Amino acid sequence: MRNVSRLLPLLPGIAMLTGCNHATQKSNGQNGQKPNIIYIFADDLGIGDLSCYGATKVSTPNIDRLAGQGVQFTNAYATSATSTPSRFGLLTGMYPWRQENTGIAPGNSELIIDTACVTMADMLKDAGYATGAVGKWHLGLGPKGGTDFNSQISPNAQSIGFDYEFIIPATVDRVPCVFVENGRVVGLDPNDPITVSYDHKVGDWPTGEENPELVTLKPSQGHNNTIINGIPRIGWMTGGKSALWKDEDIADIITDKAKNFIASHQEDPFFLYMGTQDVHVPRIPHPRFAGKSGLGTRGDVILQLDWTIGEIMHTLDSLNIADNTILIFTSDNGPVIDDGYQDHAYELLNGHTPMGIYRGGKYSAYEAGTRIPFIVRWPAKVKPNKQQALFSQIDVYASLASLLNQPLHKGAAPDSQEHLNVLLGKSNTDRDHIVQQNLNNTLAIVKGQWKYIEPSDKPAIEFWTKMELGNDKQPQLYDLSSDPSEKTNVAAQHTDIVKELSALLETVKEK
C-alpha cells in the first residue's frame, strides 16, 4: 500500500486525499502498440529563444523542424518560475506549493518527492513502460539529513518509478559536480570520498572568494564557493576528483546516455524523462559550438541545445520508431540573462529577446516566468498545427494516463487534469484556469483574458538578478487579451474580477 498523505500539506480538506495503491508488475499484451514517450525539459529557455517562436538573431533548425511536424503551443505554462518546483509539479501532478521543501534544492538535498507518491513514472511503469531519467534532476537524492555520495544513494530516481537514472544531482552551478548512475557516483574512487556542504567550507580546495586568481569564469553575483574546472560554484565540496565532469562535455554525455536508453528499449514501449543543462549557467558550450551564434555563450548553448534535440530526433529516425514516439519538448521555466556569471550575456544580446514580448522572466510571477515553449510531436497520430489553447504542464500526467487507459490511483496527481485532445492538438478548448508560482511562492491565476496576482509583501526585485518578481502589496490584474506584456494594472477598475479570481485562487489552495 502506497500513501500520498505524507506528500500533501496540512491544508483544509487535504486529509480527504488518502492512500494510493501502486503495482509494479508490467502489463502484458499489445505493448508494441503503445507509443514511446520522451519528455525533454530544457533549462531556463525563453519563449523568445527559438526561431520557431519568432527569434531572428539565433537559428534553431532542429527544434523548428520538430515544431513543424507537431503541435506548437503558444499559450502553455510551467507550474513555477524556477526549476525544482516545476519538475516536481510535472512528475507528481501536484502543485509544488502544496508541499514544503519544494523550493530551489541544494546539491545535497534529500529526495523531495515522497516515495509513497505515485509519480508519472510510476503510472507509466504500471502501463508496461521501461522508464529512464537522464540529465538534470534537481529533485534531491537520498534520505532526510542529506545525501551520502560515497555509497549506494537511496532513495533516488529509481525509488519513484524510474528503472534507470543517469543524472546531474542538482544544477551545474552547484556542487557536487558529478554524475549519478543508478544510485552511484560515476567514476568515484572510494579512496577519495566526496564531502559536500552548503553551510561552510569543507576541505582545502580553492574557492572563488579566496582564490579569484584561479577563476576562468568570474561570478557576477553569488557563485564564489568551490572552484571546479576554473568555475566557482554554489556550495563547497572536496574529494571525488576522478568523478568530476568537464563542463564542455556535459551535453554530449547526457545526449549519448539518452540515445543509448532509446536504442536499448526500441522493442518495448519506453518513457524517457530528459533534462538538459542548456541553457542554464554556467554556459560552457562544447568547442564545436563556441563562438558560433554571435550572441556569446548563451547563444552558443542554444545552438548546442538545438543539436541535442536533433540527435534525439535522428536516433528515433534511424531506429524507425519516430512515427510512434510522442516527443514533448519544453522548458522548466522562463529565461534569465545574467544568472550569476560574467558571461556578457546582456552585452551580446544583439537585439535578441529571450522573453519575447512578455514581462519578467525566471523567478517571476509575470508571464515570462512560466509561459514557455511547448511542442508535441507524434507523427502517427498528430497533425501539425498551432495550438492556442490555455494549457499547463501539470496536466501532462493525467492526459497521458487517459491516452493509455491507465486509471489514476486514489490520491495520485491531485491537481492534474485530463486534457488529452488539447495535448494532441485535436481540441483548442482552454483549461478553465492555470496557476503560476514565483520564487517567493506568490501565486497568480489566469482565467480567460484575465490574470490576477495575489498581494505579497515579498521583494519586488530579485536581489541578485534584478528580475521583477511580480510581488506587490496591492492586488494586480491584467487583461492579457489587450495587454499581454502586463504594462497596466487594472485591478482598481475591475474590482469584481479581482474578487472573483481571488476567490477562485483561494478555492484552488484549499482543494
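Asn 333 sits in the loop that links strand E13 to helix H6 (367-370). In this predicted model, Asn 333 is buried, with a relative accessible area of 0%. The C-alpha atoms of Asn 333 and Ser 86 lie 7.2 Å apart in space, although 247 residues separate the two in sequence.

**Surroundings of Asn 333**
- Beyond its neighbours within four places in sequence, Asn 333 is in contact with Ser 80, Ala 81, Thr 82 and Ser 83, among others.
- Its contacts also include Asp 44 and Leu 45, as well as Lys 362, Gly 369 and Ile 372.

**Overall architecture**
- The chain contains nine helices and 20 strands.
- Its radius of gyration is 22 Å, close to the 24 Å that the globule rule gives for 511 residues, so the chain is as compact as a globular protein of that length.
- The C-alpha trace spans about 60 × 55 × 45 Å along its principal axes.
- Of the 511 residues, 62% are buried.
- Among contacts with a separation of 6 or more, 72% are between residues 24 or more positions apart.

**Surface and charge**
- The accessible surface of the chain is about 19,000 Å², and carbon and sulfur atoms contribute 49% of it.
- The chain carries 43 positive and 57 negative charges, whose mean positions are 3 Å apart.

**Helix H1**
- Ile 63, Leu 66 and Ala 67 are buried in helix H1 (residues 61-68).
- These residues cover an arc of only 100° around the axis, which puts them on the same side of H1.
- An α-helix has 3.6 residues a turn, so residues three or four places apart point the same way.
- The packing partners of the buried H1 residues are strand E2 (71-73), helix H5 (296-318), strand E13 (325-331) and strand E14 (374-377).

**Backbone geometry**
- Most residues other than glycine have a negative phi, and most peptide bonds are trans.
- Ser 154 and Pro 155 are joined by a cis peptide bond with omega of about 0°; Pro 155 belongs to the loop between strands E4 (130-136) and E5 (164-168).
- A cis peptide bond also joins Val 281 and Pro 282, with omega of about -10°, and Pro 282 lies in the loop between strand E12 (270-275) and H5.
- Ala 413, not a glycine, has a positive phi of about 45°; it is found in the loop between helices H7 (396-403) and H8 (420-423) and is buried at a relative accessible area of 5%.
- Glu 486 likewise has a positive phi, near 55°; this residue lies in the loop between strand E20 (476-479) and helix H9 (495-510) and is buried, with 0% relative accessibility.

Notes
Residues are numbered from 1 along each chain as its sequence is written. This is a predicted model: local features need pLDDT of at least 70, side-chain atom pairs count only at pLDDT 80 or more; totals for chains, interfaces and linings use all residues. Side-chain values use heavy atoms; hydrogens and water are left out. Helices (H or I, at least four residues) and strands (E, at least two) are DSSP runs, numbered from the N terminus. The radius of gyration is taken over C-alpha atoms; the globule rule is 2.2 Å times the number of residues to the power 0.38. Buried means under 20% relative accessible area, exposed over 50%, partly exposed in between (1.4 Å probe, protein chains only). Contact means heavy atoms within 4.5 Å. Accessible areas come from the Shrake-Rupley method with a 1.4 Å probe; for residues, only the protein chains shown count as cover. Lys and Arg count as positive and Asp and Glu as negative; His and the chain ends are not counted. The place of a charge is taken as NZ of Lys, CZ of Arg, CG of Asp or CD of Glu. The arc is that of the directions from the helix axis to the C-beta atoms.
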